[in-house]
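Subject: Structure handover

Hello,

Here is the structure you asked to look at. My notes on it follow below.

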Amino acid sequence: MKSSIVVASSHAAPEAFAVLRGFDEASAIAHDLGYDGVELALKCAEEVSLGSISRSLQQRGLEVSAISTGQVFSSCNLMFTDGDAERRSALLKLFSSFIDLAAELGCPVNIGRVRGCLGDGDSSARRMNAVDGIRKALDYAELKGVTLLLEPVNRAEIDFINSIPDAMEFIAALDRPNIALMPDSYHMSIEDPDIASALTMAGGLVRYMHIADSNRQAPGKGNIDFRGLFRTLRSIGYDGWCTVECLPVPDPITAARESVDSLRELFRC
Ligand code: LER
Ligand code: MN
C-alpha cells in the first residue's frame, strides 16, 4: 500500500478538508515526512499548473494519488443533482478539465459531496440528474483512460449516498466500467455498522481509501480499529493508496506526521 495526504491551495476554506495547504510547501512537507504521494483537493483545474506541479512532485519523487473535488460543492455550490441544466453543464465542463488534468497526471478523480443532495420531497428527478451527469463524465473519462471514484459521505454533510451499500447500488445503476469506490474510514465509522463486513462486501470495487479516525483526527486518535481495517483491506487484496484526510489538529504538520507514522505501522501489521 502507498501513503498519501490531501493538499489544497493556501486559500482553501476549512471545508476543503485538506491537511496541508500551499501546493509547493505541502509537497515539501509530505516528502520530508515520508509520504509516497499527495491528493490534490481542487476547486478548478486552473488552481495548479501542470508543468510546475509535475516538476515540484517529480523532484521529490512524489506521485499524485488522486484529484478530489469536494470544494466544487462546498465553495462553488455546484452538484450533479442540481435541477438547473445550465449549472449542471457548468459542472460537467469543470469536471472535464479535472479529467484532462488527471489523464496527464495518471490519477483518478473523486466524486464526493459533488454528487449533490436530494432535499425534501420527490427526489427521483434529482437522482436522475446525478445518474445522467455522472454517466457523461464517465464517458468522457473513459476516452481519456481515467477512473472516477465514488465516495460515500456521512449524512451530516450530504443526504445522498452515505454508506458503502448506497454507493454500490448507485455504481450498479451507472452501469459504466470506469467507476469504483473510495471508502473513507471516518464516514464509514458513522454510516457502516461493521467496517470489516462493508469492505469485504465491496471487495474489488475498493480502489482507494481515505483515512481519518472516528473524530476525524489522525488514525489512532479516535476509536476505529485500524488494525482490523487494514487486515480486512489485505484480505480483499487491496494494495492501493491510503490517503490521510484528517483535521489539521493540533496543527497541520503534527497531524501529517502522526498520520504517516500510524500508516507505516499499519502497513506492516
Ligand atoms: C468530505 O467529508 C470528504 O470526506 C471528502 O473526501 C469528500 O468531499
Ligand atoms: Mn473523504
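Which residues do ring pairs link into a cluster? They are Phe80, Phe95 and Phe98. Rings of Phe, Tyr and Trp (its six-membered ring) pair if their centres lie within 6.5 Å, with planes under 30 degrees apart counted as stacked, over 60 as edge-to-face and the rest as tilted.

This is a predicted model, in which local features need pLDDT of at least 70 and side-chain atom pairs count only at pLDDT 80 or more, while totals for chains, interfaces and linings use all residues. Residues are numbered from 1 along each chain as its sequence is written, chains are lettered from A and ligands numbered from 1 in the order in which they are written, and side-chain values use heavy atoms, with hydrogens and water left out.

Aromatic pairs

The ring rule gives four aromatic pairs. In one of them, the centres of Phe95 and Phe98 are 5.8 Å apart and the planes stand at 90°, so this pair is edge-to-face. Both residues lie in helix α4, three residues apart, about one turn of the helix (helices, H or I of at least four residues, and strands, E of at least two, are DSSP runs numbered from the N terminus). Phe95 is buried at a relative accessible area of 0%, and Phe98 is also buried, at 0% (buried means under 20% relative accessible area, exposed over 50%, partly exposed in between, with a 1.4 Å probe and protein chains only).

Phe160 and Phe170 form an edge-to-face pair, 5.5 Å centre to centre with 85° between the planes. Phe160 is in the loop between β6 and α6, and Phe170 is in helix α6, 10 residues apart.

Nonpolar core

The largest nonpolar core has 87 residues, and Ile5, Phe95 and Leu148 have the most contacts inside it (a core is a set of buried Ala, Val, Leu, Ile, Met, Phe, Trp, Tyr and Cys residues joined through side-chain atoms within 4.5 Å). Helix α4 (residues 85-105) supplies the largest share of this core, eight residues.

Metal site

Glu151 (OE), Asp184 (OD), His210 (ND1) and Glu245 (OE) coordinate the manganese ion (ligand 2) at 2.0 to 2.2 Å (donors are N, O and S atoms within 2.8 Å of the metal, or 3.2 Å for Na, K and Ca; water is not among the atoms, so sites may look incomplete). Glu151 lies in the loop between β6 (148-150) and α6 (164-174) and Asp184 in the loop between β7 (179-181) and α7 (185-191), so the pair ties together parts 33 residues apart in sequence. Both Glu151 and Asp184 are buried.

Regards
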